[in-house]
Structures are given as C-alpha cells and as structure tokens.
Amino acid sequence: MSEMSMIQAIHSALDVMLGRDPNVLIFGEDVGYFGGVFRATEGLQAKHGPTRCFDTPLSEGGIVATAIGMGAYGLRPVVEIQFADYILPAYDQLVSEAARLRYRSGGEFWAPITVRAPYGGGIFGGQTHSASPEALFTHVAGLKTVIPATPYDAKGLLISAIEDDDPVIFLEPKRIYNGPFDGRHDQPARPWTGQEGSEVPEDYYKVALGSAAIRRQGRAVSVLAYGTMVHVALRAAEESGIDAEVIDLRSLVPLDIDTITASVNKTGRCVIVHEATRYSGFGAELSALVQERCFYRLEAPITRVTGWDTPYPHAFEWDYFPGPQRVAEGLRRALEA
Amino acid sequence: MRNQPPLSLHIPAPHARPGEKPDFSYLTFPEPGAARRPHILTPEAEMRDMPYSLIRVLAEDGRAIGPWAPHVAPETLRRGLRAMMLTRFFDDRMFAAHHQGKTSFYMKSTGEEATAAAPSLALLPGDMCFPTYRMVSFLMARDYPLANLVNQIFSNAADPMRGRQLPLLYSARDYGFYSLAGNVGSRFGHAVGWAMASAYKNDDKIAMAFVGDGTTAEGNFHEAMVFASVYHAPVILCVTNNQWAISSYQGIAGGEETTFAARGIGYGLPGLRVDGNDFLAVYAATQWAAERARANHGATLIEFVTYRVAGHSTNDDPSRYRPSDEARAWPLGDPIERLKAHLIALGEWSEAQHEALARALHEEVRAAAKAGEALGTLGQNPPPKREMFEHVFKTPDWRNLEQRRECEVAP
C-alpha cells in the first residue's frame with residue numbers, strides 16, 4: 001500500500017495493466033511523450049514503449065473509431081479524451097458503433113474499450129472544461145458509465161473497466177484528482193494524503209463495476225451521489241447535523257440498484273446530488289427508479305440538488321456548483337415534508 | 001462601389017435529369033492498359049498522376065492488356081464470375097421478395113458486383129474487410145451460406161443477427177466480413193484501428209474498408225485517412241464511386257472538381273483510380289495495395305469508378321432524378337459481361353458453360369429462398385423474444401433481465 005492521489009492511482013492502474021496484458025495500449029491527445037495534460041500517463045511511454053502509449057491527431061472521432069477497430073481485432077485499448085466536454089465528436093462512434101457492435105453482430109464482434117475523460121466543474125473551467133455529460137452515456141444501451149470518488153476506487157474501477165469486455169466510459173472528476181473537494185472553495189485545498197481512500201495497493205486489484213459504496217451510514221435520509229459530489233454530500237451532512245446515509249454510486253451503468261433501494265426503504269427519504277444539469281440528467285433516472293421501487297416507504301418527495309439548466313458559466317462558478325450549503329438545504333427539504 | 005459582379009452560390013447539378021440524354025462527358029476514360037503500374041514501394045510523391053488516371057485491364061475484345069493485367073488463375077476468375085452472377089440472381093430474387101411483402105427492405109448491388117467480388121478473392125484469409133451495405137458479392141465469392149443471408153433478410157428464427165438488424169446488415173466474422181450498420185462511414189476508422197492492431201502485434205494481416213462516393217463527405221472519412229496516414233496503417237481504403245448517393249450525384253459529394261482517389265494526395269497516401277467494372281483491374285489494384293500494406297508501406301486509397309444500376313433501395317425510384325436509360329449508357333459496361341468475355345477469350349469459358357452455370361445458380365437461389373421462406377418471412381417465426389435482450393452487454397444486467405421478464409409476460 002502507498003498513499004496516492006487520484007491521478008497517481010489512475011496512473012498506477014494504467015501502468016499495472018500495461019505490464020500485465022500485452023493487448024492493453026493507451027492513446028490520446030498528448031498522452032505519449034508528454035504524459036497527458038493531467039499527468040495520468042506520465043512516463044508510461046518511456047517505460048512501456050511508444051507503441052504501448054502514444055499521441056494521436058486531434059480527433060476524438062478518430063481516436064474512438066480506431067480503438068473500436070483495435071477492440072474488434074482483439075486488443076484492449078484505453079483511450080483518453082482530454083476533457084469530457086470534447087467527447088462529442090466521438091459521440092457517433094460511442095453510440096452508433098461501440099455500444100451496438102456486440103448486439104447488432106449477434107455477438108460476433110464487440111468493443112472492449114475504455115474511454116477515459118476528465119469531467120466535472122469546480123475549477124473555473126467555464127463552458128468547455130467543466131461539463132458532466134454522464135447522462136448522454138447512461139441513456140445509451142450497451143455503454144457502461146463509471147465515476148470514481150477516491151484514489152482507491154479510481155484504480156480498482158479503472159482496472160475493472162479495462163478488463164471488461166463491454167465499452168466503458170470512465171469519467172474522472174478532475175476537481176478531486178489531487179485532493180478531495182467538499183465544495184468549501186473558501187478553504188485551502190487539501191491533498192489526498194491522510195484522507196480516506198488514499199491508501200492504494202501498488203499492484204493489481206479490482207473494484208467491481210456495479211457495486212455502490214456507503215460512505216456514511218445514516219438513518220434520516222439517503223443521499224445518492226458520485227464523483228466530487230460524494231465529498232460535498234459528506235460535508236453537507238456534517239455541517240447540517242443531519243444523519244444522512246451517503247451512497248457513492250461508483251458506477252451508473254451497471255447500477256447497484258439493491259444498495260439504493262435498501263437504503264431508501266430504510267430512511268424513507270432520498271436526495272439525489274449531481275453536478276450535471278437537472279433536466280433529463282441522471283438524477284431523473286435515479287428519481288424514477290426510487291419512486292418505482294420505494295414508493296410505499298417514501299415519506300417525502302425525492303429531492304434533486306444539481307447544476308442549473310444552463311451552460312457551465314465561468315464567473316458564476318460557485319453559484320452554479322452545488323456546494324455543501326445547497327446540498328444541506330436539499331437535506332432539510334427532504335426532512336421537512 | 002464594387003467593380004466586380006455580385007457573388008453567386010454554386011450548386012452542382014448532374015449532367016442529365018429525367019427525360020434528358022445521359023451524359024457522362026464529365027468523366028474521362030483512358031484506354032485499357034494505358035495507366036502505368038508503379039512499384040509498390042514507390043513514394044507517394046512519385047505517384048500523384050495515378051489518382052487522375054484510370055486503371056483498366058480488360059479491352060473491348062476481352063483481352064487483358066497493360067502493366068496491371070494480373071496473374072490470376074482461370075479457376076479464380078471463374079469463382080469471381082460465379083460470385084457476381086450469384087449476387088445478381090440473389091438481388092433479383094430478394095428484391096422480388098420485398099415486393100411480395102416477405103421482407104421490409106432490400107438493396108441491390110447491380111453493376112457493382114466486381115468491386116466486392118474481386119477484393120474478396122484478392123485478400124487472404126485472416127484479412128478483414130469493413131464493407132458497405134452494397135457488397136454482398138464479397139460473401140458470395142467466399143461461399144458464405146445463402147441460407148444465412150436469406151434468413152437474415154427474412155428476420156426469421158435462423159437469422160444469424162437474431163432479428164436485430166435491417167435486411168442486408170450482415171456480419172460474418174469467419175469470412176472476414178465486419179459487422180454492418182445503417183449509418184454510413186462510421187466503420188472506415190475501425191478498419192484503420194484493426195490494421196493498426198495487426199501492426200502493433202507484428203501480425204501479417206491487413207484490413208480493407210469501403211465507403212460510397214456520398215459518404216466521403218462524412219467526417220469519419222477524413223478521420224480514417226488521417227489516422228491511416230499518421231500510423232502507416234496496413235489498410236486499403238476504398239471509395240466505391242457509383243455516381244449516386246440516393247438522389248445526389250457525385251458532384252454534390254465533392255466529385256465535381258476532382259477525383260475521389262485524389263483525396264489521398266492531401267494525406268500523403270497513394271491514390272489509385274480504377275475501372276470498377278473491370279474485375280481484373282479491381283483485383284490487380286487490390287493486390288497492389290495489399291502487397292504495399294504487407295510490406296509495411298502503409299495505406300492506399302482506391303477509387304472504384306462504377307455505376308449504381310439499380311435504385312438506391314426498395315424505397316427509391318431513380319426515374320425521379322436521373323434518365324431512365326442512364327445505366328445503359330454507362331461507358332464501362334457490365335462487370336459480368338466483361339469478365340465472361342475475358343474468360344471466353346482465354347478459352348476458359350463458353351456460352352454453353354455460362355448458360356449452364358446461370359441455370360444452376362438460379363436454382364440455388366430459388367432453393368435457398370424457398371428454404372428460408374419455409375422457416376419464416378418477416379413477422380413469421382421470428383427469433384425468440386429473449387434474443388432482444390441478449391448481447392446488449394456480454395452478460396445481461398438487471399435491467400435486461402427485468403425487462404425481458406416484463407416483455408415475455410406482456411400481452
């Protein structure tokens with residue numbers, strides 16, 4: 001075990017998988033010699049060779065298309081989209097090709113690819129460095145969508161994603177690459193050192209896709225969150241004194257529905273928190289699932305605390321980002337009813 | 001005050017519309033044998049005349065002439081001829097099956113049979129073709145079971161695609177034929193990735209991919225060309241220029257000012273322009289590009305110049321946008337007739353053999369169609385409902401399982 005930041009844990013997962021499986025290779029914009037704009041692939045080209053980790057033209061569609069073709073051949077490509085905001089040129093490849101290849105070919109071909117993309121706000125990234133597009137992928141049959149909230153999970157989930165024979169969108173909350181962030185932007189940034197989830201095994205291990213983690217046991221209300229919002233929700237519970245049960249979903253598809261329903265059936269209340277815009281966001285699906293499965297145990301309307309239905313603004317960063325005060329307000333609303 | 005005329009917007013238009021005389025004067029057709037054949041290791045910069053030339057082998061009298069005349073065993077040529085004839089009979093039968101309500105959709109490849117049959121025989125086992133939906137002759141040339149095709153078109157219980165795909169959108173991995181989809185061009189880059197994988201693994205296999213003239217306008221085409229060029233991918237990228245993208249003539253796709261083969265120049269890829277109705281020329285060009293790819297010299301772009309004789313699909317009426325006799329006026333003739341004449345000129349074929357083969361293939365198609373109809377046409381004896389929920393993921397998730405139960409009990 002050693003202490004790692006999330007970016008180091010992701011780097012370690014990639015390093016371990018390059019070492020274990022000759023069919024794993026990594027490519028994307030600036031990931032080769034330079035080691036990635038967030039340093040996720042630093043030194044991997046020097047260590048494993050230029051054909052294992054290399055730079056690509058600036059073409060998200062081309063990156064994902066070639067990855068799918070490699071997957072059809074028998075490789076396990078792990079590609080990086082520099083920011084999730086820039087994944088849209090690859091959307092046709094992900095939706096029309098990667099997601100459906102196994103289905104449409106009657107199982108003859110499939111796309112065992114992993115698409116890594118830093119996502120989320122809280123960094124003054126403005127409109128094209130902050131987006132949370134997870135709902136664009138969870139809506140697509142045939143894609144898996146995974147979002148870690150700790151270094152330990154980031155490594156274990158990424159290894160699972162790489163070994164998975166289905167296409168996985170692996171969204172990395174860049175705000176917590178270097179330390180957990182609870183939304184208290186007025187306080188000094190903390191490193192991962194000493195924080196829960198920062199002890200990471202150096203070798204191979206997996207965190208299974210489709211299993212949520214309960215980050216805080218509670219009896220008053222269930223909070224469904226993922227990525228940076230897990231830390232915000234924990235902070236909100238602490239500040240509000242509300243005995244919230246905070247569930248880190250970890251993977252949105254496949255979703256750990258049993259952990260969710262067990263929690264809401266216990267608390268009778270549910271608050272859903274995500275950075276993404278509200279309307280048709282993943283929270284809407286979570287809300288519908290909880291309503292369908294826990295209706296007779298619910299004691300209050302399901303509450304959503306999310307980004308506003310606007311493009312992600314620059315100057316209004318902290319008015320947009322759902323911080324601990326807004327989440328705490330959501331918790332109170334869920335308790336009042 | 002401006003001292004020049006106002007700007008005007010140029011909208012390309014075909015040279016002939018319904019009721020007008022067909023006009024192919026926009027195309028130039030060098031004589032068979034005229035195009036030079038550079039060595040496969042020639043630098044791209046020394047081949048920039050090729051995209052504006054036209055590789056043709058078969059002369060009017062059926063002889064194979066010039067430097068591109070390939071050394072192909074007569075047996076292989078007969079296989080190619082058989083595949084093209086089988087394709088044409090099959091197309092006719094399935095087109096009729098659509099009119100009889102036995103399937104929802106069909107697309108013919110009439111006139112373009114050589115562009116898929118010849119590459120099918122020129123590629124080696126283990127290579128992978130990333131086809132378009134107008135390339136069933138590729139499968140015909142490899143003796144893919146007709147039953148699979150018929151059952152797929154009828155979406156019956158024996159459909160290898162389990163009733164999930166529109167007719168024609170086959171997948172035949174063991175035959176080197178990649179999964180098709182209805183969206184155009186999005187597999188072009190897969191071929192490049194597949195070829196890069198082969199190179200990455202120090203393998204000796206190559207990929208070959210096709211798009212139509214219309215699809216060259218998609219971003220996918222550009223992306224694939226860039227990646228193929230950058231990584232020297234062992235891939236043959238092909239444009240089947242049949243002059244028409246549904247109702248849009250190839251000028252709308254950007255073919256008015258240049259050739260599609262010439263697109264290669266900007267990417268540093270050799271561009272060959274080939275008579276697509278000349279089986280031997282298609283075979284020779286494929287073989288040249290394949291040898292170049294296997295020699296680790298990277299990708300080639302090939303434009304096969306041909307003509308879409310039939311309508312775009314069963315939903316199309318070409319008489320609404322082009323002269324009804326345009327196909328008859330097509331200067332490059334019919335690929336089946338031209339290969340037949342060649343084999344006869346070689347003394348390897350005869351009218352009697354041709355007629356006998358035609359009868360046998362007719363019967364083969366008839367029998368396959370009957371057998372498929374007996375299993376079920378569209379809506380009769382489909383695959384079990386549970387197939388709808390398989391292969392979404394490798395292992396169904398809880399949603400697939402719950403919804404499958406919901407569907408199975410649904411009235």
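B:Glu402 and A:Arg293 face each other across the two chains, and their side chains form a salt bridge with an N to O distance of 2.5 Å. Please bear in mind that this is a predicted model. Between chain A and chain B, the count of salt bridges is three. Polar contacts between these chains amount to 26 residue pairs, both residues being at pLDDT 80 or more.

Which elements of chain A give two or more residues to the side that touches chain B? They are strands S2 (24-28) and S3 (53-55), together with helices H3 (60-73), H4 (91-98), H5 (101-104) and H10 (282-294). The largest share, 10 residues, comes from H3(A). Sorted by class, this side of chain A has 24 nonpolar, 15 polar and 11 charged residues.

As for the extent of the interface, 50 residues of chain A are in contact with 45 residues of chain B. The two chains bury about 3,800 Å² between them, and 59% of that lies on carbon and sulfur atoms. Of the area that chain A buries against chain B, 21% is supplied by A:Tyr73, A:Tyr103 and A:Arg104, more than by any other three residues.

Let me now turn to salt bridges within the chains. Over all chains, the structure holds 50 salt bridges.

One of them, in chain A, joins A:Lys47 and A:Asp15 at 2.9 Å, N to O. This pair links distant parts of the chain, 32 residues apart, with A:Lys47 in helix H2 (residues 44-48) and A:Asp15 in helix H1 (residues 6-20). Are the two partners buried or exposed? A:Lys47 counts as exposed, at 55% relative accessibility, whereas A:Asp15 is buried, at 18%.

Also in chain A, A:Asp243 forms a salt bridge with A:Arg216, and their closest N and O atoms are 2.9 Å apart. A:Asp243 sits in the loop between helix H8 (228-240) and strand S11 (244-248), and A:Arg216 belongs to strand S9 (residues 213-216). A:Asp243 is partly exposed at 31% relative accessibility, and A:Arg216 is partly exposed at 28%.

In chain B, B:Asp127 and B:Arg294 meet in a salt bridge of 2.7 Å, N to O. B:Asp127 lies in the loop between helix H2 (113-122) and strand S1 (128-130) and B:Arg294 in helix H8 (residues 279-294), so the pair ties together parts 167 residues apart in sequence. B:Asp127 is buried, with a relative accessible area of 3%, while B:Arg294 is partly exposed at 32%.

Notes: Residues numbered from 1 in each chain as written. Chains lettered and ligands numbered in written order. Predicted model: local features only at pLDDT ≥ 70, side-chain atom pairs only at ≥ 80, totals over all residues. Heavy atoms only, no water. Salt bridge = Lys/Arg side-chain N within 4 Å of Asp/Glu carboxyl O. Helix = DSSP H or I, 4+ residues; strand = E, 2+ residues; numbered from the N terminus. Buried < 20%, exposed > 50% of the residue type's maximum accessible area, 1.4 Å probe, protein only. Contact = heavy atoms within 4.5 Å. Buried area = accessible area lost by both parts, 1.4 Å probe. Polar contact = N/O pair within 3.5 Å; in protein donor to acceptor, adjacent residues only side chain to side chain. Nonpolar A, V, L, I, M, F, W, Y, C, P; charged D, E, K, R; others polar.
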